[in-house]
Amino acid sequence: MEILLAAESQQVTAWPQRLALTVVVLIVIALSVWGMYRSYQRRAAVELPVEPRPSDFVADMAVEGRYLGTSPAADWMQRVAANGMGAPGNATAAVGRAGVLMTRVGESDIFIGIDQITDVWVGRGVAGQVAEKDGVVLWNWHAGQTALQSGFRPDAADDVMHLAQASQRLLEEIE
């Protein structure tokens with residue numbers, strides 16, 4: 001008795017339907033990517049009335065760390081892309097009499113004037129980025145009529161409270 005093992009592949013009988021389904025899936029993916037790109041571009045095109053960095057800004061205190069981002073005050077999970085505030089990265093946060101300056105590596109500086117800041121506190125995160133409990137200094141501020149929240153996470157744990165206290169003293173001085 002002889003056993004013959006033959007490897008036969010199944011014939012694809014519905015290849016036009018499979019090809020059509022593949023094309024439809026690719027079109028849906030392409031439209032989704034295009035929609036996300038357009039949404040980001042639309043959000044980035046919004047110009048918020050932010051103050052420029054004063055030429056005579058003098059820092060009373062500076063801390064190395066990471067700029068986490070800026071979000072609308074009502075929704076800490078959404079990132080504000082306007083005015084280049086959407087890119088997180090390594091930065092230095094400096095507190096001076098004029099306000100808070102975040103100098104970012106490879107991005108434009110973010111200056112929050114003392115008259116724009118409404119509150120300073122320590123929390124967990126902002127703009128969808130989360131750190132350890134009480135590991136992020138958060139500034140609530142206004143750019144025109146838009147309420148915003150910016151977050152900074154210092155490299156050293158002790159600097160969290162030092163930065164928050166320096167910012168809070170700054171607010172108390174103007175009241």
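User: Why is Trp-15 called exposed?

Analyst: Its relative accessible area is 54%, and exposed means over 50%, with buried under 20% and partly exposed in between (1.4 Å probe, protein chains only). So 54% puts Trp-15 in the exposed class. Bear in mind that this is a predicted model, where local features need pLDDT of at least 70 and side-chain atom pairs 80 or more, while totals for chains, interfaces and linings use all residues. Residues are numbered from 1 along each chain as its sequence is written, and side-chain values use heavy atoms, leaving out hydrogens and water.

User: And how do you know which class Ala-14 and Asp-134 belong to?

Analyst: Ala-14 comes out at 27% and Asp-134 at 43%. Those values fall between the two cut-offs, so both residues are partly exposed. Ala-14 sits in the segment before helix 1, Asp-134 in the loop between strand 7 (129–130) and strand 8.

User: What is the phi of Asp-134?

Analyst: Positive, about 55°, although Asp-134 is not a glycine. Most residues other than glycine have a negative phi.

User: What makes Trp-15, Leu-19, Val-23, Ile-27, Leu-31 and Trp-34 a patch?

Analyst: A patch takes residues with over 30% relative accessible area and no salt bridge, joining nonpolar side chains (Val, Leu, Ile, Met, Phe, Trp, Tyr) within 5 Å and like charges within 9 Å. A salt bridge here is a Lys or Arg side-chain nitrogen within 4 Å of an Asp or Glu carboxyl oxygen. These six form a nonpolar surface patch of about 670 Å² together, with areas from the Shrake-Rupley method and a 1.4 Å probe, counting only the protein chains shown as cover for residues. Trp-15 itself is in helix 1 (residues 15–45).

User: What makes a set of residues a nonpolar core?

Analyst: The members are buried Ala, Val, Leu, Ile, Met, Phe, Trp, Tyr and Cys residues joined through side-chain atoms within 4.5 Å. The largest one here has 30 residues, with Met-85, Met-102, Trp-139, Phe-152 and Leu-163 touching the most other members. Helix 2 gives the largest share, 6 residues. A second, separate core of 6 residues includes Ala-127 and Val-136.

User: How do you know how the chain's radius of gyration compares with a compact globule?

Analyst: It is taken over C-alpha atoms, and the globule rule is 2.2 Å times the number of residues to the power 0.38. For 175 residues that rule gives a value near 16 Å, but the chain has 25 Å. The C-alpha trace spans about 100 × 40 × 30 Å along its principal axes, and the C-alpha atoms of Ala-14 and Phe-111 are 61 Å apart.

Conventions
Helices (H or I, at least four residues) and strands (E, at least two) are DSSP runs, numbered from the N terminus.
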